[in-house]
Amino acid sequence: MSVFDALIGQQPVAELLQRAAWASRIGDPELPGPSAVASDMNAGGATGPNATASVETAPDSSTTTDISSAAMAQAWLVTGPPGSGRSVAALAFAAAVQCTGAVPGCGHCHACTTTLGGTHPDVIRMDPRSVTISVEETRSLVASSYTFPSVGRRRIIIIEDADRMLERTTNVLLKAIEEPPRDTVWILITASPEDMLPTIRSRCRHVALQVPSVEAVAQLLAGEFEVDERTARATARIAQCHIGRARALLRDPQVAAERAALLRETLDVSGTADAVLAAQHLLDHYPASAGAASKSTGSGGSSAGAGSGAASKNTASTSARSGTGAKKGAKAAADTETDTELAEFRASIGLGERESGSASQRAQIRAFEEQRKKRAVREDRDYLDRAMLDVLALYRDVLAVQVDAGVELINADFETQIIAAAAASTPELSVARMDAVAQARRRLAANVAPQLALEAMFIDLASPAPAPASAR
């Protein structure tokens, strides 16, 4: 088993990273190089330091003899769409570089298991919990990059969501990436190389991941969750090949219920009142119970531009009440978790429940609470963006039906509603609705108030379809 086996549908990337891991061994007298292992395997050797390598993982001498130190870089930029496995690739590469087995990334040695488990002392993984990465956090990473490895072969620093660094923060990082210590490797992760400043991009080796195929994701899901092939393929399409999202849909029925409720209400929005309610439900993290209560009648054949009248008002009222109750329950749970976190933090700095502490301790508590607020903002933004991607996929399906694109629907479980929505509007209107979703995503990224951005989006989605030509 190799650490790169977890990279689903990314064979070229796995080969590139393993090649670099081989190159990192050049000049290391304690570990075999690619040519040595290949020679042992080709000769059928069963003794010596390379004997633990299997035939399946042994390097091919025809592809390893030309590996040079140029294959390894000290700064990497890993990019790819959400769900493609960017973090998995970065962690697998870190494990392969630290690996002490006969083949880099063996997956069995102590270095591999501790790196993948997040306990290797020389692998620092920064997963920002707030909207931005601060200058102070970056300076701390830069300082640690000049520390010699304690037990590993390299000091590896992984920065998730590196695009969250502001320009002044990036400038702090620039020098460290430009002239890093010999034993330090930087790995930056982001969605697109355009998210990083050109000065950073030019100093990193770029690794681009692609969206894995439906077949690759379905095969993974079928093996992990023991579901049939049809269910696995349908889940992979619904998740738009986002592996983490697909796992969540199968692991947690609540996630699947929230998605279904969101799509039902989106298709049922028919006016400003519905739009405001839909926005509020989404801001409340759209509890599935609220969606089920509000759409328990008439959801099977709902379509865009339908559902007004007394029945709609009654279900909207029910939804509002259910949403309010669910929100209060969620808030109570969140408050309990917050109190627990604060109590644990106070204990970690030596403060009891009622002690005010010194000025320094009070400053630490204020910093902790500020960081927690930033984390909550980021979690909300991530949730809303994921929900809007589901809405965008819904109207992509509507448009595909309207133009007879001949492609599989992403939301095949909503085929009846999608066909009805397609018949009730035009391709031009579907494109305009997709543009409205994209505009809402841009507004949220620009720090527009979420409620205003979502209300504007749903109002645009509720725009009535144009009258048929014969009626004009």
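Q: Contact means heavy atoms within 4.5 Å; which residues does I158 touch, not counting residues up to four places away in sequence?

A: This is a predicted model, in which local features need pLDDT of at least 70 and side-chain atom pairs count only at pLDDT 80 or more, whereas totals for chains, interfaces and linings use all residues. Residues are numbered from 1 along each chain as its sequence is written, and side-chain values use heavy atoms, with hydrogens and water left out. With the neighbours up to four places away set aside, I158 touches A90, L91 and A94, then V123, I124, R125 and M126, and also I187 and I189.

Q: Which residues touch the most other members of the largest nonpolar core?

A: A nonpolar core is a set of buried Ala, Val, Leu, Ile, Met, Phe, Trp, Tyr and Cys residues joined through side-chain atoms within 4.5 Å, where buried means under 20% relative accessible area, exposed over 50%, and partly exposed in between (1.4 Å probe, protein chains only). The largest core here has 36 residues, and W76 and I158 touch the most other members. Two or more residues come from each of helix 1 (11-23), strand 1 (75-79), helix 4, helix 5, strand 3 (155-159) and strand 4 (184-190), with helix 4 giving the largest share, nine residues. Apart from this core lies another, of 33 residues, among them A260, L263, M388 and Y395.

Q: Which residues of helix 5 are buried, and what covers them?

A: Helices (H or I, at least four residues) and strands (E, at least two) are DSSP runs, numbered from the N terminus. In helix 5, which spans residues 110-117, the buried residues are A111, C112, T114 and T115, and their cover includes helix 4 (86-98) and strand 2 (123-126). Just after helix 5 comes G118, whose phi is positive, at about 80 degrees.

Q: At what angle do the axes of helix 16 and helix 19 cross?

A: Axes are lines fitted to C-alpha atoms, for helices over the stretch in contact, and angles run from 0 to 180 degrees between N-to-C directions. The axes of helix 16 (residues 359-402) and helix 19 (residues 450-461) cross at roughly 10 degrees and come within 13 Å, which makes helix 16 roughly parallel to helix 19 (under 35 degrees; over 145 is roughly antiparallel, 65 to 115 roughly perpendicular, and the rest oblique). On the helix 16 side, L384, M388, V391 and Y395 meet P450, L454, M457 and L461 of helix 19.

Q: Where does N447 lie, and which value does its phi take?

A: N447 lies in the loop between helix 18 (427-445) and helix 19, and its phi is near 70 degrees, a positive value in a residue other than glycine. N447 is exposed, because its relative accessible area is 53%. Q240, in the loop between helix 10 (229-238) and helix 11 (243-251), is likewise a residue other than glycine with a positive phi, near 55 degrees, but at 35% relative accessibility Q240 counts as partly exposed.

Q: How many residues apart in sequence are T272 and A456, and how far apart in space?

A: T272 and A456 are separated by 184 residues in sequence, yet their C-alpha atoms are 9.4 Å apart. T272 is found in helix 13 (residues 272-283) and, at 52% relative accessibility, counts as exposed. For the protein as a whole, among contacts with a separation of 6 or more, 74% are between residues 24 or more positions apart.

Q: How many helices and strands does the protein have, and what percentage of its residues is buried?

A: The protein has 19 helices and five strands, and buried residues make up 45% of its 472 residues.

Notes: Contact = heavy atoms within 4.5 Å.
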